[in-house]
Amino acid sequence: MDYFRPESLEEALGLLAEIPDARCLAGGQTLVAMMNTRIVAPPRLVSLRDIPGLDQIEALPNGGLRMGTMVTHETLMNLSANGAHRLLPETARQIASPAIRAFGTVGGALCHADPAADWPTALVALDASVHVAGIDGKRREPLAEFLVDALTTTLEPGEILTHIEIPPPGQTSAGAYVKFARVEGDFATVAVAVSLSLSGPTCEAIRIAVGGCSPVPTRDDAAETGLVSTELSEADMQAVGNSLATAIQPEDDGRASAAYRRMVVPGLVQRAITLAHDRASEARI
Amino acid sequence: MKRTLLELNVNGELQQAPTRPTATLLDVLRDGLHLTGSKRGCDQGVCGACTVLVDGRPARACLMLAVDCQGRRVTTIEGLNESGEAAAVQQALAENGAIQCGYCTPGIVVALVDLARAGGGASENDVRRSISGNICRCSGYVKIVEAAVSLLGGKASDGR
């Protein structure tokens, strides 16, 4: 294996292009663990840590956020954010343990695309998109499309996910990330991320993503649309919870059975919507 | 596999070690530099026995590629021992009977030194969170938490 630590994106793309199985090294908190067990043995690693700007979070003029792929969970945990963007620190806090958070990166987590990981679920709820650079140019894609299947994204060999962009939070908005796991810091058995905005007492817009239960985070467009212009009553929340419990494609694994996950989803959806709703209502007053 | 000479800043000194490119920081610390205070438990980042500080932040030595640590400051339990920074934590652990087999202890000490550095007192919850990535199979954690709270606790417990 050879190792490079380029100081520009162009140089990194050139190094990746030379060897088809070359890999980027971000925080290494998953990749190195996989190398230790010899699940992967990349012929070349291209460390992204000296490329300027990739560890920065930038507030966009429209109120959105653009963060570099090397931003760590710890940085996001300490982010002071507005409205629904507070979903970011709330999610980061629930990832693994201090040492993993200090070095693990948001871009690394998205590219690994573990169905039980936290960022895919939270960032799909925030309607994030990803910026991808390749030797032939750049593209931008909704995260929900970037995530294709368990451990599978649209990233082609030689491409780098460089930035993640999040649209501005609504005027009266809030988010909530509720995770059900065996112990604190574990991967999710079931996780629910909600991002919503209110207009007066009624729901103006809402996105709900369920993680840990399907190859990629699950949303239900029709159920979300059904919540718009309601006051998010208990019956409204139960309906969307039940429809998401049907929409997921859970499997039996070491954490829980598929049937158990279907039982947990409605309650967790209700809890997450309630939390977000209460937070947005507080912001409104 | 080809070995290259690596230069690492460990405990304030530049150290050289011949290294395979795929070696982790833990491999180099233990086998190259004979700093065996950091323990190898899982090699998966789960157990926390290899916790060190990298650029002042707690890190899994088993999940850092040694070659990617060039230009970073690595502090091991040996370094914290020498500087005296670990002494208070170690004494609290000893006085509270918080050490049994001792295998997890260096990692726990590093994690608690990081918590102590943050300053401002720590609740029981803060302590439990700070060592949430350090597995101990002997103690059930109670004595470890009591030791840390006795040392760092401003508010003994905040309930949850």
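A salt bridge is a side-chain nitrogen of Lys or Arg within 4 Å of a carboxyl oxygen of Asp or Glu. Keep that rule in mind. The structure above is a predicted model, and the rule finds 3 salt bridges across the interface of chain A and chain B.

Take a single pair. The side chain of B:D68 meets the side chain of A:R49. The N to O distance is 3.6 Å. The cut-off is 4 Å, so this pair counts as a salt bridge.

Now widen the view to the whole interface. Between chain A and chain B, 11 residue pairs are in polar contact, both residues at pLDDT 80 or more. In total, 23 residues of chain A are in contact with 26 residues of chain B.

How much area do the two chains bury? The size of an interface is often given as the accessible area lost when the parts come together. Here, about 2,100 Å² is buried between chain A and chain B. Carbon and sulfur atoms give 56% of that area.

Next, look at chain A by itself. Its domain assignment gives two domains. Domain 1 of chain A covers 1-47, and domain 2 of chain A covers 173-284. Taken over C-alpha atoms, the centres of these two domains are 36 Å apart.

Then turn to chain B and find its sheet. Strands of a sheet pair through backbone hydrogen bonds, either parallel or antiparallel. In chain B, 5 strands form an open sheet with mixed pairing. Read across, the order is β2-β1-β5-β3-β4. Which strands of chain B lie at the edges? They are β2 (13-19) and β4 (57-60), and each pairs on one side only. Neighbouring strands of the sheet are turned by 45° against each other on average, direction ignored.

Zoom in on one pairing. Strand β3 (residues 51-54) and strand β5 (residues 73-75) of chain B run antiparallel, joined by 2 bridges. B:L53 has B:T75, in β5(B), as its bridge partner.

Helices meet this sheet too. Helix α4 (residues 105-118) of chain B packs on the sheet and touches β3 and β4 of chain B. The direction of α4 makes about 40° with that of β3(B). Helix α1 (residues 25-32) of chain B lies across β1 (4-10), β2, β3 and β5 of chain B. This helix, α1, runs at about 90° to β1(B).

Definitions and conventions. Residues are numbered from 1 along each chain as its sequence is written. Chains are lettered from A and ligands numbered from 1 in the order in which they are written. This is a predicted model: local features need pLDDT of at least 70, side-chain atom pairs count only at pLDDT 80 or more; totals for chains, interfaces and linings use all residues. Side-chain values use heavy atoms; hydrogens and water are left out. Domain bounds come from an automatic or database domain assignment. Two strands pair if DSSP finds at least two bridges between them. Helices (H or I, at least four residues) and strands (E, at least two) are DSSP runs, numbered from the N terminus. Axes are lines fitted to C-alpha atoms, for helices over the stretch in contact, and angles run from 0 to 180 degrees between N-to-C directions. Contact means heavy atoms within 4.5 Å. Buried area is the accessible area (1.4 Å probe) that two parts lose on being put together, summed over both. A polar contact is a pair of N or O atoms within 3.5 Å; within protein, one must be able to donate a hydrogen and the other to accept it, and residues adjacent in sequence count only if both atoms are side-chain atoms.
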